[in-house]
Amino acid sequence: KFLSTATSGVALGNLFDAYLLNLGGNILVGAVESTRGVLQLFSAYPIGVLSDRTSKVALLKRNLFLGTLGLCGVVVGVLLDNIGIVFVGIVLWAPSSQCFNSTAQVVVAESVIPSLRT
């Protein structure tokens with residue numbers, strides 16, 4: 001969890017926002033971050049329902065592909081200074097991030113023996 005959080009914090013955190021600010025100003029930073037936030041908000045409920053009805057581990061495994069594809073899109077967009085590709089990467093990555101953040105903790109909690117849970 002720490003490595004994942006640290007990686008995404010650097011890759012899509014403050015340094016990413018500084019890059020966007022340099023590339024297109026405050027409007028670009030706001031547009032990208034708003035897109036990410038709105039997508040995560042609207043995907044939270046469907047992901048929750050899906051994780052309740054299916055295997056959480058299988059859901060996380062399927063989610064890995066989408067997250068990797070989205071992060072690769074962001075990286076390619078940054079390397080090419082292409083805002084369109086960055087947006088496509090964010091659109092793919094945001095729901096994947098929401099899925100991981102909400103489902104991974106449940107998988108860990110459910111892996112603990114019931115008598116040892118606090």
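**Exercise 1.** How many helices and how many strands does the secondary structure of the protein come to?

*Solution.* Keep in mind that this is a predicted model. Step one is to count the elements: there are 5 helices and 0 strands. Step two is to read along the sequence, which gives the pattern α-α-α-α-α.

**Exercise 2.** Compare the reach of helix α3 with its expected value, then find where α3 bends.

*Solution.* Start with the ends: α3 covers residues 26-53, 28 residues in total. From first C-alpha to last, α3 reaches 41 Å, close to the 40 Å expected at 1.5 Å a residue. Now follow the axis: α3 bends by about 35° at alanine 44. Within four residues after alanine 44 comes a proline, proline 46.

**Exercise 3.** List the buried residues of α3 and say which helices they pack against.

*Solution.* Buried here means under 20% relative accessible area. The buried residues of α3 are Leu28, Val29, Val32, Arg36, Gln40, Ser43, Ile47 and Ser51. Next, look at their partners: these residues pack against α2 (14-24), α4 (56-80) and α5 (83-111). A helix has 3.6 residues a turn, so residues three or four places apart point the same way.

Conventions:
Residues are numbered from 1 along each chain as its sequence is written. This is a predicted model: local features need pLDDT of at least 70, side-chain atom pairs count only at pLDDT 80 or more; totals for chains, interfaces and linings use all residues. Side-chain values use heavy atoms; hydrogens and water are left out. Helices (H or I, at least four residues) and strands (E, at least two) are DSSP runs, numbered from the N terminus. The expected span of a helix is 1.5 Å times one less than its number of residues. The bend at a residue is the angle between axes fitted to the seven residues ending there and the seven starting there. Buried means under 20% relative accessible area, exposed over 50%, partly exposed in between (1.4 Å probe, protein chains only). Contact means heavy atoms within 4.5 Å.
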